[in-house]
Amino acid sequence: MGTETSAECQSCGDESTLTEVRRVYVTPADWDTESKITPADDTEQWCDACVLHYPHQPV
Ligand SMILES: [Zn+2]
């Protein structure tokens, strides 16, 4: 009990096949600023659904 390490997506928590990605934070453009993409410092393990739906960079 409790010794198995199940792989959980670090974005939504689903147990799934995971892909290592680097999350990016997208700041939308405003009237006085350009849009900006800031990559996170650390990589995360994401499921296929999150990889499809959220901005990231491949690792
Ligand atoms: Zn997910």
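C50 is buried, with a relative accessible area of 4%, whereas C12, at 41%, counts as partly exposed. Here buried means under 20% relative accessible area, exposed over 50%, and partly exposed in between, computed with a 1.4 Å probe on protein chains only. The model is predicted, so that local features need pLDDT of at least 70 and side-chain atom pairs count only at pLDDT 80 or more, while totals for chains, interfaces and linings use all residues. Residues are numbered from 1 along each chain as its sequence is written, and side-chain values use heavy atoms, with hydrogens and water left out.

Both cysteines belong to a metal site. The protein donors of the zinc ion are the SG atoms of C9, C12, C47 and C50, lying 2.3 Å from the ion. Donors are N, O and S atoms within 2.8 Å of the metal (3.2 Å for Na, K and Ca); because water is not among the atoms, sites may look incomplete. The four donor atoms subtend angles of 106 to 115° around the zinc ion, and the arrangement is therefore tetrahedral; four donors count as such if all angles lie between 85 and 135 degrees. For comparison, the ideal angle for four tetrahedral donors is 109.5 degrees.

Along the chain, the donor residues follow the spacing C-x2-C-x34-C-x2-C. C12 lies in the segment before β1 and C50 in helix α1 (residues 48–53), so this pair ties together parts that are 38 residues apart in sequence. Helices (H or I, at least four residues) and strands (E, at least two) are DSSP runs, numbered from the N terminus.

The strands form an open sheet of three, in the order β2-β1-β3, with antiparallel pairing. Two strands pair if DSSP finds at least two bridges between them. Because β2 (36–47) and β3 (56–58) stand at the edges with a single partner strand each, one side of each is left without a neighbour in the sheet. Strand β1 (residues 18–27) pairs with β2 over nine bridges, and V24 has P39 in β2 as its bridge partner.

Strand β1 also contains R22, which is partly exposed at 26% relative accessibility. Not counting residues up to four places away in sequence, R22 touches P39, A40, D41, D42, T43, H56, Q57 and V59, where contact means heavy atoms within 4.5 Å. The side chain of R22 reaches the backbone oxygen of D41 at 2.9 Å, and a polar atom of this side chain lies 3.1 Å from the backbone oxygen of A40.

Conventions. Tetrahedral: all angles 85-135°; square planar, octahedral: opposite > 155°, others 65-115°. Polar contact = N/O pair within 3.5 Å; in protein donor to acceptor, adjacent residues only side chain to side chain.
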